[in-house]
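Dear colleague,

I am passing on the structure below, and after it you will find an account of what came out of going through it. Please read the text with the model open beside you.

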Amino acid sequence: MSEQSPTPVVRRVEARHRYEILVDESRAGLTAYRDRDDRRVFFHTEIDDAYAGQGLAAILVEQALTDVRASGMRIVPVCPYVAKFLQKHTEFADITDPVTPEVETWLDAQLGR
């Protein structure tokens, strides 16, 4: 019998504006955000190649969005992966705001791009 793989752990890293997913204490990926008033604007999600194909992105994003709900905030899915996830997981529709040109301009300024 093969060993059961470790349960991934998701943590919010406030100082770096992101949620990280850890497998065996190693960072396997992250989803990055910036907060604007009561909205958490997600703009980038990545999983390291070594951990690809294990469904970690979905676990990461689901737990991140659950944390956003728990903190009373709303979601703005600039990140294509988060937007795609939200299409399949309509349980977050009530706290999701549309991505507007104004939000994109604000995000570009935040990120210096």
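**The sheet and its pairing**

In the pairing of the strands, R11 has E20 of β2 as its bridge partner. Please keep in mind throughout that this is a predicted model. The pairing of β1 with β2, which spans residues 18-23, is antiparallel and runs over five bridges. From β2 the sheet continues to β3, again in the antiparallel sense and over six bridges, and here Y19 has T31 of β3 as its bridge partner. Two residues lie between the strands in the hairpin of β2 and β3, where D24 takes a positive phi near 55 degrees.

β3 and β4 are likewise antiparallel, with eight bridges between them, and G29 stands opposite I47 of β4. The hairpin of β3 and β4 also has two residues between its strands, and in it D37 takes a positive phi near 55 degrees.

Taken as a whole, the sheet is open and consists of five strands in the order β1-β2-β3-β4-β5, with mixed pairing. Because β1 (9-13) and β5 (74-77) stand at the edges and have a single partner strand each, one side of each of them is left without a neighbour in the sheet. From one strand to the next, the twist averages 30 degrees. As for β3, eight of its 11 residues are buried, so this strand is largely enclosed by the rest of the structure.

**The helices**

Helix α1, made up of residues 56-70, lies across β1, β2, β3 (26-36), β4 (39-47) and β5, and it runs at about 165 degrees to β4. The packing of α1 against α2 has an angle of about 80 degrees, with the two axes 11 Å apart; since angles of 65 to 115 degrees count as roughly perpendicular, α1 and α2 are therefore roughly perpendicular to each other. On the α1 side this contact is made by A57, A58, V61, E62 and L65, and on the α2 side by Y81, V82, F85 and L86.

Helix α3 (residues 101-111) lies across β3, β4 and β5, and its direction makes an angle of about 120 degrees with β3. Which residues of α3 are buried? They are V103, W106 and L107. These residues cover an arc of only 100 degrees around the axis, which puts them on the same side of α3. What covers the buried residues of α3 includes β3, β4 and β5, whereas P101, T105 and A109, on the other side of the helix, are exposed. Just after α3, G112 takes a positive phi of about 65 degrees.

**A buried aspartate in a loop**

The last point concerns D97, which is placed in the loop between α2 (80-88) and α3. With a relative accessible area of 17%, D97 is buried, because the cut-off for that term is under 20%. Its side chain makes a polar contact with the side chain of R74, at 2.7 Å. If neighbours within four places in sequence are left aside, the residues in contact with D97 are R39, R74, I75, V76 and P77.

With best regards

Definitions and conventions: Residues are numbered from 1 along each chain as its sequence is written. This is a predicted model: local features need pLDDT of at least 70, side-chain atom pairs count only at pLDDT 80 or more; totals for chains, interfaces and linings use all residues. Side-chain values use heavy atoms; hydrogens and water are left out. Two strands pair if DSSP finds at least two bridges between them. Helices (H or I, at least four residues) and strands (E, at least two) are DSSP runs, numbered from the N terminus. Axes are lines fitted to C-alpha atoms, for helices over the stretch in contact, and angles run from 0 to 180 degrees between N-to-C directions. Contact means heavy atoms within 4.5 Å. Buried means under 20% relative accessible area, exposed over 50%, partly exposed in between (1.4 Å probe, protein chains only). The arc is that of the directions from the helix axis to the C-beta atoms. A polar contact is a pair of N or O atoms within 3.5 Å; within protein, one must be able to donate a hydrogen and the other to accept it, and residues adjacent in sequence count only if both atoms are side-chain atoms. Angles under 35 degrees count as roughly parallel, over 145 as roughly antiparallel, 65 to 115 as roughly perpendicular and the rest as oblique.
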